[in-house]
Amino acid sequence: MIFSNELTHWYHKNKRSLPWRDTTDAYVIWLSEIILQQTRVEQGLPYFHRFLDRFPDVKAFAAADEDEILKLWQGLGYYSRGRNMLKTARQVADLYQGVFPVSYEQLIKLKGIGQYTAAAISSFASNEAQAVVDGNVYRVLSRFFGIDEPINAARSKKIFQELADAVLDRENPGLHNQALMEFGAMLCKPKNPDCGICPIRLSCIAYRDDKVTRLPVKLKTIKIKERYFNYFLISDGYTILMNKRGENDIWANMFDLPMLETAGRVPASDLIHMPEAKELFGDAIEVTDCWTAKKHILTHQHIYAQFIRIALPPGRAIPPKYRRVELAGLDKIAMPKIIYSFLNNLYNA
Ligand code: SF4
């Protein structure tokens, strides 16, 4: 309890004023939580406002089409989260007549809502005694209690959840959860935590044993896949050829440019002679420009992209899987950030 009291005391004095705090509207909390799982507060704020302005309640959200959600989500990455939000909203509209549920038991059954989100919404919206465990909580608990179990090992989830449950202030679970997460985000930070001014340092095992920089322990398990995307820029000055991506890869259902993926870097001059390129655009492709993009980093993949402007021979039919999009309407369609940045630089700079 001392742990919780100290944290809430610190929280009252130091918390950031954020629009999703001090509300019990489960829809607003849900919106903020999903966005914040994807990005930091400063970057997430404009997204939060954009979504809330466009969809003031969950019924309005549920009525949106996927393209619009992806467009609003553009730049946050991990687009399946955006798509899952739509599924959640539609379930809430169907099952609960558009009233966002506030109990953990109902929330956890919704598509796209996991243990953390259900605990966050139920504790913030209805003060249900559910302990949240996110990255901040893992870190604070690991350091304070000196736990060196790797936080990303399967067996650790139970250990940390039980610990979070044990220290939860059951009278004020919402406040306790907010305080613990804010404390992790602002003071007990991943790098350079402010131990010198920390109100719980005298009981902190990592601080006592000089292990702050070694906790929490994380297993290095992620294998990074390197991918090489060769994009073709085909434009007549008014329209551009674009490709709607399929369901089964990154950036599902978003728009990018006609593309050939290769196993490694291939110069544009060689690429246009590859059978796959010829099959798409014929034998007489002419390269008129070429740009190499900066490495694009996703959680499990690094994308190396080059953009090749090509001129097609007159009369060459466009492969039916591509569609012409007006340059003036580019801002209305959802694109991966790497495509958006490139086109934006090219046409709006
Ligand atoms: S003393 Fe340092 S490591 Fe321990 S809880 Fe406080 S900020 Fe975190």
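Predicted model: local features only at pLDDT ≥ 70, side-chain atom pairs only at ≥ 80, totals over all residues.
The domain assignment divides the chain into domain 1, residues 2–214, and domain 2, residues 225–348. Eight residues of domain 1 and 14 residues of domain 2 take part in the contact between them. The C-alpha centres of domain 1 and domain 2 are 37 Å apart.

The size of an interface is often expressed as the accessible area lost when the parts come together. For domain 1 and domain 2, the buried area is about 830 Å². Carbon and sulfur atoms give 52% of this area. On the side of domain 1, Lys71, Gln74 and Tyr79 supply 54% of the area buried against domain 2, which is more than any other three residues.

One salt bridge is found across the interface of domain 1 and domain 2. Aspartate 67 forms a salt bridge with lysine 244, and the closest N and O atoms of this pair are 3.5 Å apart.

Two helices can be named on the side of domain 1 that touches domain 2: helix 5 (66–73) and helix 6 (79–95) each supply at least two residues. Helix 5 gives the most to this side, with four residues. By class, the side of domain 1 that touches domain 2 holds four charged, two polar and two nonpolar residues.

Methods: Residues numbered from 1 in each chain as written. Heavy atoms only, no water. Domains from an automatic or database assignment. Contact = heavy atoms within 4.5 Å. Buried area = accessible area lost by both parts, 1.4 Å probe. Salt bridge = Lys/Arg side-chain N within 4 Å of Asp/Glu carboxyl O. Nonpolar A, V, L, I, M, F, W, Y, C, P; charged D, E, K, R; others polar.
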